[in-house]
Amino acid sequence: MKNRWIALYVENQVGVLAKVSGLFSGKSYNLQSLTVGTTEDETVSRMTICVTSDDVTFEQIKKQLNRMVEVIKVIDLTDMPIHMKEILFAKVRNCSVEDKAELFQIAQVFHVEVADIGTDSVLLECKLTERRNNELIDLLRSKYKNIEIVRGGAVAIESISTSCAGRSEYFRK
Amino acid sequence: MAMDIAGRKLFVKALLEEGVDTVFGYPGGMVTDLMDELYRHGEISLVLPRHEQGLIHEAEGYAKATGKVGVCIVTSGPGATNIITGLADAHYDNIPLVCVTGQVSLNMIGNDAFQEVDIVGMTRSVTKYGVTVRDRKDLGRILKMAFHIARTGKPGPVLIDLPKDIQTALGPGEYPETVAIRGYKPSEGVHVGQLKRGYKLLKAAKKPLFLIGGGVNIARANDKMEELMERTRVPVVTTVMGKGAVPTDHPYYVGNSGMHGRYAANMAVGECDVLFSIGTRFNDRITGDLNEFAPNAQIVHVDIDTASISRNVVVDVPIVADAGLAIEKLLEWAEPQETGAWLAQIRAWDEENPLEMRRDRGMTPQMILEQINREFPEGIVVTDVGQHQMWASQYIEMKKGKQFITSGGLGTMGFGFPAAIGAKIGCPDREVICISGDGGMQMNIQELATAMTQGVKVIVCIFNNHCLGMVRQMQQLFYGKRYAATCLRRRKSCPGDCKGPQEACPPYEPDFVKLAESYGASGVRVRTEEEIAPALEWAKGEAQTVFLEFMVATDELVLPMVKSGNPMTEMILK
């Protein structure tokens, strides 16, 4: 069992998201995240899907997606060099002055932006890999009591430069 | 510039261009426009059933018998939800249907309007494609797509949800001639290299075996399959859906394999060294325990659906292709193989445990089915679901020109009788024999009115054993003879732990003969072996639908049997 990534081109129509997500629930596939948005062609949407599965199930998932009339193309990103990012907002409340200073340091180390600030709260805006976002959340949880997290699921695109190929693990981490 | 026309007019135009001559329709508020248009037009025959579930099974039977697309029209809400079972059935057994459900007007959708349901949402997992028409200008394209998707590739049901205001709105009058769907590319060719690899394996085998599924029947490749079997001298076993792919009396045909398969067929699958399967998805009823399935064999798998390949059984040579095209290609290479010893081994297994029921007391299903074979060498046999279905799949003989229609994947009780009516509507010149049980017969019994009003003749053979026999059989063998909810004579006054039929049992209801008569049909009850032939003779001579109620012993079992999840070679034989 491991995490695998799929980019899915689908018709930008009513019900397609329900059909795709329904496949995962109906056939007991383990869906980790699914994001969707329109592409450069507004009649086409692109989904980035992360599933946890064994090899056989993953093959079956790709085939099942492929046979849907509304699915235009299935791309297996699992072993491809890709760029992948997830947007995440983290709001930390009840901060002391020291807390705020520390949050600025954390932001610097994690390469995230301080998007907003109040008398006793800080809002971090993060565009990191999912794994790095998880690490940030773990850190915030260990240090602060009152945090609020919203995250969007990862989006991914194939790399351009060959130099990325050997470092794909870095990009997907 | 061409004149704009109402959606309802384009709808009828589309049906005509698609060659539709028969439509199964049940009226309701949201399809009255469509019905009115068909009525005024008058060229397309409109069949009015008595229930929407019966309606869709009739369309399935029609489609199976004719090879054409079955067309259904039902209204919104309950009309639509009533066809869901049939959609699932058609989805499983790959029957081409175009089902149009009425829908409330676009501006009412989502308001919980009267008879509004999200039928596209409800049926997403049991249709090949489903869509709500949201713009009148898309109607022609969507109708064209629907027929194309239903009948190409692996056939299946397509649902079009048609809001009332789209039916009346004016829009383009053209029905498109071509269809372009960028996400839908059904398999059209055969990968020759891969098929050659498969054939090489077959040719080198000492104990080769064909496992043939419903795909060969759907592709109507029966003659070619027979030729391939004869040319290669490789024995054939079939699934229930594959029955009739080759004539059952052919010396190379072994029988059905699977849960209630023939002993020799299951043994052959267990012993073969190359299993060349065409058009089957290795359902659990065929494989049993997956680890013990064809343990000595290299497996070649031809199927039109990539998702069916290496899902349940990991195969050595996967081939995505239409069964008919693959067989045609194989015929170009096919050469005789030395299979004499292997065939002799299979024959020895069959002699060891032949397919046979006791003959020592009373009338058995085997006697009835053998007489049906004698009386009706051709024609269409349609079954319902249960013990009678398995007996029919074991004992009905299939020759050229004969057809076997059954609900294989979903196992839908209530399928048989309406499907038989639909088959007869599609093929009025062929004799249609419906084999049903007393349980399944009571699901969709109302369709007798459809048969009578349509003037179609179906010979309905009801195997009445006073119980839901398939489940009772499991209770008898695996549940300590606790017959929970399977006795159809049981009343509140019966003892709690009844172990079977006794003298004092309450009478059976309904009286099927009287029931037939109440619809203006006729029927006879058959109790002994001697009465079977005269009853069938009589039925043959009748002009309209008849019921033959065969009184079968309650404790009659379907044998052999493999317990669900066990290896297929571990058969209960007695």
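Me: How far apart are the centres of domain 1 of chain B and domain 3 of chain B, and into which domains is chain B divided?

Reply: In this predicted model, the centres of domain 1 of chain B and domain 3 of chain B, taken over C-alpha atoms, are separated by 30 Å. Chain B is divided into domain 1 (5–171), domain 2 (192–352) and domain 3 (365–551).

Me: How are two packed helices described, and at what angle do α3(B) and α5(B) pack?

Reply: Two packed helices are described by the angle between their axes together with the distance between those axes. For α3(B) and α5(B), the angle is about 25 degrees and the axes are 8 Å apart. Angles under 35 degrees count as roughly parallel, and α3(B) and α5(B) are therefore roughly parallel to each other. The residues that make the contact are B:Q53, B:I56, B:H57 and B:E60 on α3(B), and B:T85, B:G86, B:L87, B:D89 and B:A90 on α5(B); taken together, they divide into 3 nonpolar, 4 polar and 2 charged.

Me: Where is the place of B:T178, and why does B:T178 count as buried or exposed?

Reply: B:T178 lies in the loop between β8 (170–171) and α9 (192–204) of chain B. A residue is exposed if 12 or fewer other C-beta atoms lie within 10 Å of its own, and B:T178 counts as exposed because it has 6 C-beta neighbours inside 10 Å. In sequence B:T178 and B:H148 are 30 residues apart, while in space they are 9.5 Å apart, C-alpha to C-alpha.

Me: How many residues of chain B are in contact with chain A?

Reply: The size of an interface is often given as the accessible area lost when the parts come together. Here the description is by residues in contact: 14 residues of chain B are in contact with 15 residues of chain A. On the side of chain B that touches chain A, the residues divide into 6 nonpolar, 4 polar and 4 charged.

Me: Turning to chain A, how many helices and strands are there, and into which domains is chain A divided?

Reply: Chain A has 5 helices and 8 strands, which follow the pattern β-α-β-β-α-β-β-α-β-β-α-β-α when read along the sequence. Of the 173 residues in chain A, 25% are buried, and the C-alpha atoms fill a box of roughly 55 × 40 × 35 Å, taken along the principal axes. Chain A is divided into domain 1 (2–79) and domain 2 (83–163), with 27 Å between their centres, taken over C-alpha atoms. The contact between these domains takes 8 residues from domain 1 of chain A and 5 residues from domain 2 of chain A. On the side of domain 1 of chain A that touches domain 2 of chain A, β1 (2–11), β2 (30–38) and β3 (44–53) of chain A each supply at least two residues, and the largest share, 3 residues, comes from β2(A). This side divides into 5 nonpolar, 3 polar and no charged residues.

Me: What is the order of the strands in the open sheet of 4 strands in chain A, and which strands are its edge strands?

Reply: The order is β6-β7-β5-β8 (chain A), with antiparallel pairing. The edge strands, each of which pairs on one side only, are β6 (113–117) and β8 (147–158) of chain A. On average, neighbouring strands of this sheet are turned by 15 degrees against each other, direction ignored. Strand β5 (residues 82–92) of chain A is joined to β8(A) by 10 bridges, and the two run antiparallel; A:I82 stands opposite A:E158 in β8(A).

Me: Which strands of chain A does helix α3 (residues 97–110) of chain A lie across, and which does helix α4 (residues 130–143) of chain A lie across?

Reply: Helix α3 of chain A lies across β5, β6 and β7 (122–128) of chain A, running at about 10 degrees to β7(A). Helix α4 of chain A lies across β5, β7 and β8 of chain A, and runs at about 20 degrees to β5(A).

Note on methods
Residues numbered from 1 in each chain as written. Chains lettered and ligands numbered in written order. Predicted model: local features only at pLDDT ≥ 70, side-chain atom pairs only at ≥ 80, totals over all residues. Domains from an automatic or database assignment. Buried ≥ 20, exposed ≤ 12 C-beta atoms within 10 Å, placed from the backbone. Contact = placed C-beta atoms within 7 Å. Nonpolar A, V, L, I, M, F, W, Y, C, P; charged D, E, K, R; others polar. Pairing = 2+ DSSP bridges. Axes fitted to C-alpha atoms, helices over the stretch in contact; angles between N-to-C directions. Parallel < 35°, antiparallel > 145°, perpendicular 65-115°, else oblique.
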